2 protein chains.
Amino acid sequence: MENSRTGQGGKAGYHHGDLRNALIGAGLELATDGGPGKVVLREVARRAGVSATAAYRHFAGQGELLHAVKMEAQQMLADAMERVAAGLPGDGDPGVAAERRLVGIGRGYVGFALEHPGLFRTAFHHATAGEEEDAGWGGVTSVAGNPEFRSYNMLSAALDELLAAGRMPAANRPGAEAAAWSTAHGVAMLILDGPMARLSQRDRDGVIERSIDTIVAGLLVPREHPAGA
Amino acid sequence: MENSRTGQGGKAGYHHGDLRNALIGAGLELATDGGPGKVVLREVARRAGVSATAAYRHFAGQGELLHAVKMEAQQMLADAMERVAAGLPGDGDPGVAAERRLVGIGRGYVGFALEHPGLFRTAFHHATAGEEEDAGWGGVTSVAGNPEFRSYNMLSAALDELLAAGRMPAANRPGAEAAAWSTAHGVAMLILDGPMARLSQRDRDGVIERSIDTIVAGLLVPREHPAGA
DNA sequence: AGGTCAGTGTTGACGTCGTTAACATTCCAT
DNA sequence: ATGGAATGTTAACGACGTCAACACTGACCT
């Protein structure tokens with residue numbers, strides 16, 4: 001990471017020196033334990049050792065501040081996925097390796113969500129009307145070409161390899177990112193805030209594995225496709 | 001439903017007569033356009049034509065009010081799924097019918113989410129620390145036996161039929177609810193608040209169909225299962 | 001060097017929100 | 001009819017987001 005968000009970079013004078021990053025950092029702290037709702041402008045400013053209104057020199061309002069925190073949370077999620085995928089053995093068979101990678105990415109995604117629920121919820125927080133026009137994610141199409149959206153691109157690459165290795169029927173390729181991402185996102189959300197919230201650790205893990213296995217199986221098996229898609 | 005939430009049931013005197021339901025009704029209005037964040041106690045009371053503090057005679061605070069609204073939103077979601085499933089042709093082949101029902105339930109789920117984003121977000125809203133102890137959903141195990149959780153039970157029943165009709169390998173049955181639900185929930189969420197937010201109507205529909213088809217294919221195809229599950 | 005001015009931070013105030021305490025009205029059981 | 005439980009009201013507090021007005025700092029221009 002290039003930013004010195006954690007460092008007490010600036011001197012202690014009237015001018016902070018790195019206030020914008022300090023605010024985002026404090027916001028991340030709050031988001032980490034408490035989710036998006038806890039990212040309160042006044043408290044963020046307090047933690048940065050600055051008056052509340054100072055934040056307005058760097059953000060249009062708390063909506064924009066929260067948005068910045070949200071973007072950062074998204075980056076952290078992508079980092080987590082990348083780390084998991086990087087630590088995987090490069091098997092001899094490229095098809096097997098690709099499948100392993102796909103599963104790994106999914107595990108990393110859900111793992112991040114369970115380890116950092118507040119950040120995960122923040123990364124997908126929906127701005128209430130009036131908060132901030134949410135240019136958070138682009139469309140999938142624009143995402144595809146955008147180097148920023150690493151999470152999407154990692155997934156895409158793994159699927160491409162699966163196809164290239166002949167493990168996935170070509171007809172299954174289009175829209176595969178959406179299906180895979182949806183399942184991972186869904187398990188995470190349902191465990192976090194939904195009907196599976198009270199599962200034991202063991203059951204959670206089982207559900208996660210089962211869901212990932214199922215969607216991967218669905219991606220790999222040949223099937224008829226309706227006309228048009 | 002037995003409650004007269006919409007009717008102006010009570011007389012217009014000092015005592016409202018049906019305030020609790022009136023408050024929930026107003027809360028649902030706010031949630032419908034604006035999501036959980038817009039369910040503001042004072043505004044809810046205002047809409048019910050009553051002072052803000054009157055709400056405290058019926059709810060411990062805005063957290064509990066929001067919780068009640070959340071429960072109602074969950075019921076509406078289940079209703080929507082039920083309606084879709086009910087309107088499906090009962091094919092001759094029970095296996096085909098079951099699969100159709102499964103797909104229909106998924107479409108109903110996602111359809112509700114896209115038609116009523118505010119209500120859907122409210123149904124899965126996570127109470128920020130301090131708001132309300134979220135006994136919203138039971139665990140999946142307790143859900144299974146609880147007649148209240150119609151959405152889960154509908155899904156479960158469809159899967160059972162699929163198994164009974166011999167269209168799904170028995171080894172795939174355990175955890176199938178979680179996988180199916182996860183995918184549906186995931187697409188909905190990703191379209192609502194995630195990276196697929198800017199898709200065209202056409203692309204959305206394609207993504208939804210593709211995701212549902214994929215998870216169903218994964219549920220139906222025989223595969224090896226790791227020991228232990 | 002001295003002056004100026006954009007950038008950055010501060011104070012004070014306003015309106016809204018959730019919540020509590022104290023008080024008022026109405027309903028119902030006796 | 002009456003007394004208490006249920007239900008609603010007003011007044012006030014502290015926290016929040018935001019705005020307007022003011023203050024400090026530093027970099028640039030002569």
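How many of the residues of α8(A) are buried? The structure is a predicted model, in which local features need pLDDT of at least 70, side-chain atom pairs count only at pLDDT 80 or more, and totals for chains, interfaces and linings use all residues. Residues are numbered from 1 along each chain as its sequence is written, chains are lettered from A and ligands numbered from 1 in the order in which they are written, and side-chain values use heavy atoms, with hydrogens and water left out.

Of the 18 residues of α8(A), 18 are buried (under 20% relative accessible area, with exposed over 50% and partly exposed in between; 1.4 Å probe, protein chains only). The helix is therefore largely enclosed by the rest of the structure. Helices are DSSP runs of H or I with at least four residues, numbered from the N terminus. Helix α8 of chain A covers residues 176–193 and reaches 25 Å from its first C-alpha to its last, close to the expected 26 Å; the expected span is 1.5 Å times one less than the number of residues.

Rings of Phe, Tyr and Trp (its six-membered ring) pair if their centres lie within 6.5 Å; planes under 30 degrees apart count as stacked, over 60 as edge-to-face and the rest as tilted. By this rule there are eight aromatic pairs over all chains. The rings of B:Y109 and B:F120 have centres 5.7 Å apart and planes at 90°, so this pair is edge-to-face. Because B:Y109 lies in helix α4 (residues 94–115) of chain B and B:F120 in helix α5 (residues 117–123) of chain B, the pair ties together parts that are eleven residues apart in sequence. B:F120 also pairs with B:F124, with ring centres 5.2 Å apart and planes at 50°, so that pair is tilted. B:Y109 is buried, with a relative accessible area of 2%, as are B:F120 at 0% and B:F124 at 4%. In chain A, ring pairs link A:Y109, A:F120, A:F124, A:Y152 and A:W181 into a cluster.

Around DNA strand C there are 23 residues, of which A:S51, A:R57, B:R42, B:R46 and B:T53 come nearest; a residue is near the strand if one of its heavy atoms lies within 4 Å of it. Helix α2 (residues 41–47) of chain B gives the most to this surface, with three residues. A backbone N or O atom of A:S51 lies 2.6 Å from a phosphate oxygen of DNA strand C.

Methods:
Helix = DSSP H or I, 4+ residues; strand = E, 2+ residues; numbered from the N terminus. Polar contact = N/O pair within 3.5 Å; in protein donor to acceptor, adjacent residues only side chain to side chain.
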